[in-house]
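Here is a friendly walk through one protein model. Have the viewer open, and let us start with the overall layout.

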Amino acid sequence: MDALTELNVLGLILSAVLLAMACVKADRVRAWRAGINPSAEELSDASFIAARVVFVALAGVGIYLCVQGFKVSDDTAWDDTELTTAVRGATDALDGSSGFGDIYVEGNDTGWIDEYATRIEQEIVEHGGGDAPQYGVTATPADANTASEARYTVTGADSAFCMQVTRTRSKDGDYEPPGIGGGQGTVTVPSYDFAVTTREGGC
């Protein structure tokens, strides 16, 4: 339970206390006051009515604010259902996608791993739906990743997912930018295809 949710729960408890105070009978309050201070001035019925109105009004405001607070809390934190749906949508979107690699380290290119973590996080947020937060998802690369295969532990709620990404060279998608003066270029930007699967639990 996050701090905002705890504050909302506390607010509901205080509102319930105010409502309980509004329900206390006037005779009981008078007896309590007489026991503590017998010489105290007698309270009128109008005073009790005014106090009840104030207590009920304060409780109503408190309940309203807490309900709004719960909505804010829901909009700023992922729940397991939202994260599960978003991860599945991101997996479907990323599976079969392609991208370009580094022209200088084609044989042992691991620089894509951290970049792909950002791509995963963005895709999950995009598939979170209208009620899901626009942040708060983390895709953490595993330590034993390689140039052709990487695993990411996706977190953002109580549950976690392991997303496995396999990167395969795809020469058909290579890009050869034109050379100086529009002639044939000498540089080839390598293209890669990505196969993505996801299972529940951390990697």
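## Layout of the chain

From the N terminus on, the protein chain runs α-α-α-α-β-α-β-β-β-β, giving five helices and five strands. Helices here are DSSP runs (H or I, at least four residues) and strands are E runs of at least two, numbered from the N terminus. Please keep in mind that this is a predicted model, in which local features need pLDDT of at least 70, side-chain atom pairs count only at pLDDT 80 or more, and totals for chains, interfaces and linings use all residues. Residues are numbered from 1 along each chain as its sequence is written, and side-chain values use heavy atoms, with hydrogens and water left out.

Of the 203 residues of the protein chain, 30% count as buried; buried means under 20% relative accessible area, exposed over 50%, and partly exposed in between (1.4 Å probe, protein chains only). The accessible surface comes to about 12,500 Å², and 57% of that belongs to carbon and sulfur atoms. These areas come from the Shrake-Rupley method with a 1.4 Å probe, and for residues only the protein chains shown count as cover. Among contacts (heavy atoms within 4.5 Å) between residues at least 6 apart in sequence, 68% join residues at least 24 apart.

## The N-terminal helix and the annotated span

Helix α1 covers residues 3–22 and includes V17. V17 counts as partly exposed because its relative accessibility is 41%.

A16 is also found in helix α1, and its C-alpha lies 9.6 Å from that of G60, 44 residues away in sequence. An unreviewed UniProt entry places a "transmembrane region" at residues 50–67; such annotations may be inferred rather than shown by experiment, and the positions follow the numbering used here, with feature names shortened. In the model, that span is 100% helix and 0% strand, with its end C-alpha atoms 26 Å apart.

## The nonpolar core

The largest nonpolar core has 25 residues, and those with the most contacts inside it are Y116, I120, I124, Y152, V154 and V165. Such a core is a set of buried Ala, Val, Leu, Ile, Met, Phe, Trp, Tyr and Cys residues joined through side-chain atoms within 4.5 Å. At least two residues each come from α4 (80–94), α5 (112–126), β3 (149–155), β4 (160–169) and β5 (191–200). The largest share, seven residues, is supplied by α5.

Leaving out residues up to four places away in sequence, Y116 touches L94, S97, Y152, V165, F194 and V196. With the same exclusion, T138 of strand β2 touches E121, T153, V154 and T155.

## Salt bridges

How many salt bridges does the structure hold? There are two, each defined as a side-chain nitrogen of Lys or Arg within 4 Å of a carboxyl oxygen of Asp or Glu. R167 pairs with D109, the closest N and O atoms being 3.4 Å apart. R167 lies in strand β4 and D109 in the loop between β1 (98–100) and α5, so this pair ties together parts 58 residues apart in sequence. Both R167 and D109 are buried.

The other bridge joins D174 and R169 at 2.6 Å, N to O. D174 is partly exposed because its relative accessible area is 21%, and R169, at 27%, is also partly exposed.
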